[in-house]
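Please keep the sequence and the model open while reading.

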There are 2 protein chains.
Amino acid sequence: MISTHGMTRPADLSDVRTTNLAVVLRFVRTHAPCSRADIAASTGLNKATVSSLVTDLLERRLLRETGLTENRIGRPASMLTLQSRPYAAIGIELAADHLVAIAVDLTGERLLTWRRAHAGLDGAPGRAEAAVAALAGRVVAKMAAEQRRVLGLTVAAPGLVAPGGGVRFPPHLARPALDLGAALERGLRHPEYDVVIESSANLAALAEYRGGAEADTPHLIALVGGVEIGAGIVADGRALRGGRGFAGQAGHLQVDCAGPRCRCGRQGCLEAVAGLPALVRRALPDTAPDGPIVDYAPELERITALAGNGDAHVTGALAETGRLLGRGVSMLAELLDPQVVVLGGSFATLAPWLLPAVQAELAARAPGETACRVTASTLHPDGAALGGAMLALDRLESGQLPASAG
Amino acid sequence: MISTHGMTRPADLSDVRTTNLAVVLRFVRTHAPCSRADIAASTGLNKATVSSLVTDLLERRLLRETGLTENRIGRPASMLTLQSRPYAAIGIELAADHLVAIAVDLTGERLLTWRRAHAGLDGAPGRAEAAVAALAGRVVAKMAAEQRRVLGLTVAAPGLVAPGGGVRFPPHLARPALDLGAALERGLRHPEYDVVIESSANLAALAEYRGGAEADTPHLIALVGGVEIGAGIVADGRALRGGRGFAGQAGHLQVDCAGPRCRCGRQGCLEAVAGLPALVRRALPDTAPDGPIVDYAPELERITALAGNGDAHVTGALAETGRLLGRGVSMLAELLDPQVVVLGGSFATLAPWLLPAVQAELAARAPGETACRVTASTLHPDGAALGGAMLALDRLESGQLPASAG
């Protein structure tokens, strides 16, 4: 089944058993190895219920007994842990000029990481979608060859992901829409596992929330830099997606009245002053592109190298970019009061030079207050793809379990 | 017990019975009159469980049997509804220059609405707090005289509500902090019911979500105008409060590069161009205040009267204000993707003249997209106080029930 908007929702109260299976699964993930008695003591479920739930999860091959017992007061207990073998969760990021595929097992352990170039989002209609579907097919085949059952596959897409798997872009980009849902349905031949299409920034935030350096921080924003800028918002431990799933368009917060006109028509938008094209113009003014730049990797490398050598012009340009980025971060902080903003994408690459200015701007805004923390992603450049893989695990832990036949 | 941060949280899964009591209560509120069989059919709880839960709620005097029966297929069933008599929930708004107190019964029916002037937030330390505590005491006494038990009392406060009931203001306001928690604890003499202090904008949003014209819209923002501007954000049916409860500071989104300098130090902030002082300067340029204006009610009345008479300068000023407000709304819409933005406070008063420009600005930002709706609050000027009263009902429905002795 292909769907969108796959982030965790509260489990239906009417299905208490499913909820409790998910509670046990979540407990074992965070506390393994642990015993049935540990689960009962911490979740408040009674021992007979826990026993029955664990049996169910063992049958579904989601848990396994380590065979180890641990001596405590009372009888030795058989210890439980997540199964690492029989399942795989897959995430694929469709970025501006490349694809990243990541598969993980139930424990979140990385099974593969593949990167591929593609022809770009502005190319012939259908090409980007076909590239995603082809790569997805190869990853699924590889997992099948390893006798792993696919729990779910998530594509991290740029732009606005509409229900049905279509991807649209803000009108000012004048970029053709993508029909990822249909391409995946065809390419994966009506898969039995869930295929979800979700925005890259939302998945980057999920990856930070589940597995980044700031994991489990309930109020977290992933702010992802690039040609465009997007935010993934986690509030109270839940993804904030908005009514249509279009939340997180942070690129058009206005941060610099003296800044250049943005493609969107306004002046001094965050994207227009801290997106990659603006940064390249500021840091490498001598760069004269012989056409529209699609892949900014060479420029980003050159900026990083020059900054690493202490080039005054480049570090100055980065400090200025950081100051403007800091204004955007401070607006996000005032509006959403996150505990931490994790910088991803190009912001993560350039974090050593951006962060001091970002933090100074935030502190200037909130004298006497404890400003929210700002850090660089430790998952970069895999955040969105990793978040895609983790989404399948997340759905599992909110009660969407695979059938018993392993 | 005095607390802050009282918005709904997920019920603890370990306490299934409490959760189920709350589920039944919620069902009866939205479907009354209804039978035990209706509840069982819609919630998925079995009939014996529903019977036991209903008995419990009858004993706590939260439900009552109407005595009516309804003929359907099968036996006639005794119908249930919420008790209106024995309880009251109280909300008190501390606004810049006045107080509003509202009490409602369990069904949300209004029991009283009182308005009082106070000496202002910038006056002698402790005076605003004392005014709130005195009014709270009088409302509680009135409820006691009517033999109603207070379920909870919520104070809607401007500024940033810190844990412990202190209220701080952004540093640029240079306004003394308020110690509401301590004043209420003293004034109400260690109340047995919950006393919560919460931001006015968050409570305005709760009132819209529970009882406004846009009730039950899961993604909703209440944007409240005044001297300062605040937003209450509901995402996926839950209040978004942020890590410290400081979310919703929307007044410093930058919307007009040509705009005046804001008290916060930036230029063209939403508050600096669409707050009351800016509006008065724009609409009534001949107004020469003989000192700092504390109460903008006379100016607001004059603007409304002139606009109602079609005064071209004033309607032009309002259209310009609406255009700038629309830029702020469009940033909120891009960032949070609400289904509706409900304008409250001074924005609600001026809505007939502001809304067309706000909507035009939003539509211009999203050609081809369905922009989010923008409407004027139908609860104005009672939104925050009403939301305060409703918070006690909201907490009840998330499982914080009063003890059995009615």
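Does B:Arg175 count as buried or exposed? In this predicted model, B:Arg175 has a relative accessibility of 17% and therefore counts as buried, the cut-off for that class being under 20%.

## Salt bridges within the chains

The partner of B:Arg175 is B:Asp122, and the two side chains meet in a salt bridge with an N to O distance of 3.2 Å. B:Asp122 lies in the loop between β7 and α4 of chain B, while B:Arg175 lies in the loop between β10 and β11 of chain B, so the pair ties together parts that are 53 residues apart in sequence.

Over all chains, a search of the whole structure finds 44 salt bridges. One of them joins A:Asp382 to A:Arg115, with the closest N and O atoms 2.9 Å apart; this pair links distant parts of the chain, since A:Asp382 is in the loop between β16 and α13 of chain A and A:Arg115 is in strand β6 of chain A, 267 residues apart. A:Asp382 is buried, with a relative accessible area of 7%, whereas A:Arg115 counts as partly exposed at 42%. In chain B, B:Glu397 forms a salt bridge with B:Arg210, where the closest N and O atoms are 3.4 Å apart. Here the segment after α13 of chain B, which holds B:Glu397, is linked to helix α6 of chain B, which holds B:Arg210, across 187 residues, and both B:Glu397 and B:Arg210 are buried.

## The disulfide and other cysteines

The structure holds one disulfide over all chains, and this disulfide joins A:Cys257 to B:Cys257 with an S to S distance of 2.3 Å. The link is left-handed, with -85 degrees about the S-S bond. A:Cys257 lies in the loop between β14 and α7 of chain A, and B:Cys257 in the loop between β15 and α7 of chain B, so the pair joins two chains.

B:Cys257 is buried, with a relative accessible area of 19%. B:Cys34 also counts as buried, at 1%. B:Cys372 is in no disulfide, and the nearest cysteine sulfur, that of A:Cys264, is 17 Å away; B:Cys372 likewise counts as buried, at 11% relative accessibility.

## The contact between the chains

Chain A and chain B each bring 48 residues to the contact, and the area buried between them is about 4300 Å², of which carbon and sulfur atoms give 51%. On the side of chain A, the residues that lose the most area to chain B are A:Arg266, A:Leu335 and A:Asp337, which together account for 17% of what that side buries.

Two salt bridges are found across this interface. A:Asp337 takes part in a salt bridge with B:Arg244, in which the closest N and O atoms are 3.0 Å apart.

## A five-stranded sheet in chain A

Chain A contains an open sheet of five strands in the order β14-β13-β12-β15-β16, with mixed pairing. Strands β14 and β16 stand at the edges, each with a single partner strand, so one side of each is left without a neighbour in the sheet. Strand β15 pairs with β16 of chain A in the parallel sense over four bridges, and A:Val341 stands opposite A:Val374 in β16.

Helix α12 of chain A packs on the sheet and touches β15 and β16, its direction making about 175 degrees with that of β16.

How values were computed:
Residues numbered from 1 in each chain as written. Chains lettered and ligands numbered in written order. Predicted model: local features only at pLDDT ≥ 70, side-chain atom pairs only at ≥ 80, totals over all residues. Heavy atoms only, no water. Pairing = 2+ DSSP bridges. Contact = heavy atoms within 4.5 Å. Axes fitted to C-alpha atoms, helices over the stretch in contact; angles between N-to-C directions. Disulfide = S-S within 2.5 Å. Buried < 20%, exposed > 50% of the residue type's maximum accessible area, 1.4 Å probe, protein only. Buried area = accessible area lost by both parts, 1.4 Å probe. Salt bridge = Lys/Arg side-chain N within 4 Å of Asp/Glu carboxyl O.
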